[in-house]
Amino acid sequence: MTKRKAKNPFLTRRTSAVFLAAILASSSLENSERVAPKVLWYRQPASAWIEALPVGNGRLGAMVFGGTHEELLQLNEDTVWTGGPYDPHGNGDGVKSLPEIRRLVFEGKGKEAEALFEKAMMAKVWDQAQYQPLGDLRLTFPGHGTITDYRRELDLDMAIARTSYRVDEAGFTREVFVSPVDQVIIVRLTADRPGMISLNAKLDGRVNARRRGDETWMLRSEAPATLILRGQTASFRGSTERLRYEARLQAAAEGGTTEIINTSEHDTLKVTAADAVTLFVSAATSFKNYRDVSDDPEAKAKDDLSKAAGKSFDRIRSDHVAEHRRLFRRVDLDFGPTPSSVLPTDERFEAFAAGTDPNFAALYFHFGRYLLISCSRPGGQPANLQGLWNADMNPAWGSKYTTNINFEMNYWLADVANLEECAEPFFAMIRDLAESSRQTARVNWGARGWMLGHNTDIWRATAPIHGAYWGAWHTGAGWLCAQLWDHYLYSGDRKFLEAYYPIMKAAVEFFLDTLVVHPKYGWLVTCPSGSPENGPGGDPMWTRNPDGTRNRPIGISAGPTIDLQIVGELFDLCAKASEILGVDPDFRKQVRRTRSQLAPMQIGRLGQLQEWLEDVDNPDDKHRHVSHLWGLYPGTSISPRRTPKLAAAAKQSLRLRGDAGTGWSMAWKINFWARLLDGNHAYEMLKRQLALATGLTGKGGTYPNLLDAHPPFQIDGNLGGTAGIAEMLLQSHEDGIDLLPALPAALSQGSFRRLRARGGFEVDAAWANGILTGTTIRSLLGKVCKVLYGKLSTEFKTEAGKVYALDGRLRRPK
Ligand code: FUC
């Protein structure tokens, strides 16, 4: 370890051996099972958000900076959004203009078609509500001098952020976690000698300086030693009611004195000379559901706080750790020890890039699981563009739900990483959207059923926004249904299928009512639609005019490839679901008949899979969306084994698009290459994704805190990248469990435990020198198990609950 330069206040005298011993000691203390410690750690506090560490219980979250003289926790609650329930629909004549919009599209008059779409179909306001920060908790520590032995870490296995350091002879430790059991944020401060903890704590709300919004907040205090932050978010045009929120901070000090200091500027909670202090933060809003904001934030926040304060700290902590581990410890994965594993997290990027620290990819995988567990739990809101963690009053893209890739990507890992509970908020949101979008289906399309464009917000708004280039695409409901169906394939949960079949059926009904015959080809197509955020010409068209306006291709089109894949797979899965459930035989026939009339995928002049019905792909188009490969991943209509020609064309499209990209785009490419069974190329994408991003450069990569850089930040890259690592090691969308289907040479050693496969199996596997050494398969549903490894395959009957071991040649030991 290098010594810190003198100007750095975080002096440290330890050697790397001591650090290693400390890590191993801490890991063996609480977790003897761990192969390599699942810890992010740093030698210095976070100087910016991209270095701070996220903690959360699905609903409440904090970014922890780990300062020594001052600590900052940026707070979030997942229902703090601008506005309130609103009707997003505009005054256009929607369905009346539909035939004319279609005529213009089919006649190649895209510009006119976009203009009419925007006049007839757009939302009242061409945007949606925004996700907002709750506020800040600031702690200052009077009397702290020079700091030594500083260490800051995020223990993924305990879901605890820890900061420790020495001031003179005294050692200080601070732990922060958000309990899913007790619904509070906990900050626990201790020292290794008595009477050493003195602090001032402040809560702060936010007001939007840039937009001069009408949000308000105020601070109050009440006995016993409680600070209260009470506020209301800005109205969003069209909403008649506004969201109210409240956060409460209370301290339980052991020894010393605790008081509230009231000044004209700010009420402060002051603790002096305590032996230890536990801070409790609770928070709640008036959100009941997307149509109702009549809840009582004060009562909820008080209740959570008083319940938690009545419990011992040790009990709160152990309940928290046990609940986190229930999910986190289900799965393990390791790519073998490397000397660099002991380095601070921000120093491992270099070794990973150099190829000497492949196990950094395992840490990234565990962090992805940790993030999903921390930002998406039953009863809460699903992970938005930033998961749960947003410190900005004007977050990029509103920190909303972008549904033409990002929202769906957030949940790709849920089943394979054995975290199906974490997808519950995703499923619940789908239920809401299947209700709220019926109006959009009716007023814009004159159709039954439900549909979804490229964006929604907490109020489940579904009228098209941004402009026709973005908003004309409308097959999001089909995509969501494909992920519902996939969950059924993993879980075999018939009740789930019964509950969601009506939603799948309603998504199909929308397309039965809106697909039209293409006048030139005679096939059924969607129209008007678009290939998400792209148009013929693609990226090279995005030039700027002297007056500052931007040129872009025309997006509106008929039957873009992604739509044909999504609608085709939706029809297939709905027909299968009706068969399994033994319902709707006539409807099933109609669905299958209509499906057979859909336009097929096309291979174009460059050998590429065409993005549109016409062969107009620009070979120089490097656009980050690769929507026409939806059928390769997450869809299943393109496969190197079943449809080799389409797979070869998909590969050519991917080559033309190039390897560059940011955030989620890179994560998607990892999954694409894994599905194309090219592990080395998938790993190349992972290397680009896991390259250190030190600032908001726009170049993508990963920040020092391991969050994904899609400047500023989007969680989809983390969660989709995690799914991509699993996809290299285990696939199950074809006929059976495919072991190590895209194993990169760089990950030639390793093992995983309890990844899930479709058909109801949990799979363990180990390999060395790039070759499988054995696998263990736990049958959950008692189905026949087919296993593939390279050219080897085997098939056997199973009993639910039983475990089956195979060697590296897929033989059952005698
Ligand atoms: C889509 C993407 C952007 C961004 C945004 C949230 O518009 O094209 O890159 O991820 O969603």
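## Residues with positive phi

Arg754 belongs to strand β25, which runs over residues 750–757; helices (H or I, at least four residues) and strands (E, at least two) are DSSP runs, numbered from the N terminus. Although Arg754 is not a glycine, its phi is positive, at about 60°. With a relative accessibility of 24%, Arg754 counts as partly exposed; under 20% relative accessible area is buried, over 50% is exposed, and partly exposed lies in between (1.4 Å probe, protein chains only).

The model is predicted, and local features need pLDDT of at least 70, side-chain atom pairs count only at pLDDT 80 or more, and totals for chains, interfaces and linings use all residues. Residues are numbered from 1 along each chain as its sequence is written, and side-chain values use heavy atoms, with hydrogens and water left out.

Asp149, another residue other than glycine, has a positive phi near 55°. Asp149 is part of strand β7 (residues 147–155) and counts as buried, at 14% relative accessibility. Most residues other than glycine have a negative phi, and most peptide bonds are trans.

## Cis peptide bonds

The bond from Cys527 to Pro528 is cis, with omega near -5°. Pro528 sits in the loop between β22 (524–525) and α15 (561–581). The bond from Tyr633 to Pro634 is also cis, with omega near 5°, and Pro634 is placed in the loop between α16 (585–595) and α17 (644–657).

## The ligand and its surroundings

Around the ligand stand Leu385, Trp397, Thr402, Asn406, Glu533, Arg624, His625, Trp664, His710 and Gln714, where a residue is near a molecule if one of its heavy atoms lies within 4 Å of it. This shell comprises 3 nonpolar, 5 polar and 2 charged residues; Ala, Val, Leu, Ile, Met, Phe, Trp, Tyr, Cys and Pro count as nonpolar, Asp, Glu, Lys and Arg as charged, and the others, Gly among them, as polar.

A polar side-chain atom of Glu533 is 2.6 Å from an oxygen atom of the ligand. For Arg624, a side-chain N or O atom lies 2.8 Å from a ligand oxygen, and for Gln714 the corresponding distance is 3.0 Å. Of the 290 Å² of accessible area that the ligand has on its own, the protein covers 97% (Shrake-Rupley method, 1.4 Å probe).

Helix α13 (residues 476–491) has 16 residues and reaches 23 Å from its first C-alpha to its last, close to the expected 22 Å; the expected span is 1.5 Å times one less than the number of residues. Because 14 of its 16 residues are buried, α13 is largely enclosed by the rest of the structure. Gly492, which follows α13, has a positive phi near 65°.

Asp136 lies in strand β6 (residues 135–140) and is buried, with 5% relative accessibility. Its side chain makes a polar contact with that of Arg206, at 3.3 Å; a polar contact is a pair of N or O atoms within 3.5 Å, and within protein one must be able to donate a hydrogen and the other to accept it, while residues adjacent in sequence count only if both atoms are side-chain atoms. Leaving aside neighbours within four places in sequence, Asp136 is in contact with residues including Leu73, Leu75, Lys202 and Asp204 (heavy atoms within 4.5 Å).

Arg348, in helix α6 (residues 345–354), counts as buried at 6% relative accessibility. Not counting residues up to four places away in sequence, Arg348 touches Ser340, Asp357 and Phe360, among others. Arg348 and Leu692 are 344 residues apart in sequence, yet their C-alpha atoms are 9.3 Å apart in space.
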